[in-house]
Amino acid sequence: MAGPAAEGKKLSRSFGWLTVLGILLVIAGLVGLVYTGVATLTSMLLFGWLLLIGGVVGLAHAIQSRGTNFFWLGVVVAALNIAAGVVVIHHPTGTAEALTMFAALLFLTGGVFRLVGSVVVRGPQFGWTLLQGAFGLLLGLLVLFDWPDSSLYVLGCFFSLALLFDGLGLIAFGVGGRHIVGLVSDQLASEEDAGEPAADKASEDHQKRSNN
């Protein structure tokens with residue numbers, strides 16, 4: 001059975017790999033923020049492949065569960081995912097334009113609702129809600145006025161920021177985890193060192209009593 005030191009090394013190594021993954025994600029996010037057009041196309045292709053693979057897996061699952069009430073529903077959903085994945089993979093630019101328009105409309109509607117809600121309710125978070133609404137409305141208008149050119153950088157910017165913040169989170173988690181594991185390992189080692197002299201003394205006393 002592995003001791004606490006060996007388990008601590010395994011945990012520390014696992015947290016180290018999380019840190020490395022976080023660094024890679026941060027680098028990818030920074031590169032994506034510089035080359036937003038490439039990041040947009042990359043995110044669309046990843047999205048298309050995810051839809052395609054999910055559709056194939058869903059279709060296989062539906063075939064395995066044929067004879068149930070949800071068989072045809074599973075087949076239809078899987079077929080839609082496969083069709084959408086094929087369309088996105090073959091037309092990533094058009095998909096980016098459509099999703100950018102959808103995102104701009106979401107920003108607009110969300111900003112309007114927050115503005116109206118903050119003015120009507122006037123709750124304790126009035127100023128913050130009003131600021132959020134104004135920011136969402138402004139962002140939606142900026143994306144919409146520059147459409148379809150905005151589709152070349154909006155989604156890529158969001159995708160890169162997501163990678164960046166996820167990477168920073170993994171780095172913080174990995175470094176913090178290694179620090180905690182190190183503290184616990186040092187504490188266990190100090191307790192073992194403190195226990196060894198007491199065990200040696202008890203063994204010597206037992207040997208003396210045996211000799212007497």
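The model is predicted. The chain contains 6 helices and 0 strands. Along the sequence, the pattern reads α-α-α-α-α-α. Of the 212 residues in the chain, 24% are buried. Take the contacts between residues at least 6 apart in sequence: 80% of them join residues at least 24 apart.

**Packing of α2 with α3**

- Two packed helices are described by the angle between their axes and the distance between the axes.
- Helix α2 spans residues 36–64, and helix α3 spans residues 71–90.
- Their axes come within 7 Å and cross at roughly 155°.
- An angle over 145 degrees counts as roughly antiparallel, so α2 is roughly antiparallel to α3.
- The crossing of α2 and α3 is left-handed.
- By class, the contact of α2 with α3 holds 18 nonpolar and 6 polar residues.

**Packing of α2 with α4**

- Helix α4 covers residues 92–121.
- The axes of α2 and α4 lie 9 Å apart, at an angle of about 95°.
- Angles of 65 to 115 degrees count as roughly perpendicular, and α2 and α4 are therefore roughly perpendicular to each other.
- From α2, the contact is made by T40, L41, M44 and L45.
- From α4, the contact is made by P92, T93, T95, A96 and L99.
- These residues divide into 6 nonpolar and 3 polar, with no charged residues.

**Helix α4 itself**

- α4 has 30 residues.
- From its first C-alpha to its last, α4 reaches 42 Å. That is close to the 44 Å expected at 1.5 Å a residue.
- The buried residues of α4 are P92, T95, A96, T100, A103, A104, L108, G111 and S118.
- Among them, P92, T95 and A96 also take part in the contact with α2.
- R122 follows α4 and has a positive phi, near 55°.

**T95, in α4**

- T95 is found in helix α4.
- The relative accessible area of T95 is 12%. Buried means under 20%, so T95 is buried.
- Leaving aside neighbours within four places in sequence, T95 is in contact with M44, V87 and V88.
- M44 belongs to α2 and is one of the residues in the contact between α2 and α4.

**V112, in α4**

- V112 also has its place in helix α4.
- The relative accessibility of V112 is 39%, which makes this residue partly exposed.
- V112 and G133 are 21 residues apart in sequence. Their C-alpha atoms are 6.2 Å apart in space.

**V26, in α1**

- V26 lies in helix α1, which runs over residues 4–34.
- V26 has a relative accessible area of 13% and is buried.
- Residues up to four places away in sequence are not counted here: V26 touches L163, L164, G167, L168 and I171.
- V26 and G169 are 143 residues apart along the chain. The separation of their C-alpha atoms is 9.7 Å.

Definitions and conventions. Residues numbered from 1 in each chain as written. Predicted model: local features only at pLDDT ≥ 70, side-chain atom pairs only at ≥ 80, totals over all residues. Heavy atoms only, no water. Axes fitted to C-alpha atoms, helices over the stretch in contact; angles between N-to-C directions. Helix = DSSP H or I, 4+ residues; strand = E, 2+ residues; numbered from the N terminus. Parallel < 35°, antiparallel > 145°, perpendicular 65-115°, else oblique. Left-handed = near helix turned anticlockwise from the far one by under 90°. Nonpolar A, V, L, I, M, F, W, Y, C, P; charged D, E, K, R; others polar. Contact = heavy atoms within 4.5 Å. Expected span 1.5 Å × (residues − 1). Buried < 20%, exposed > 50% of the residue type's maximum accessible area, 1.4 Å probe, protein only.
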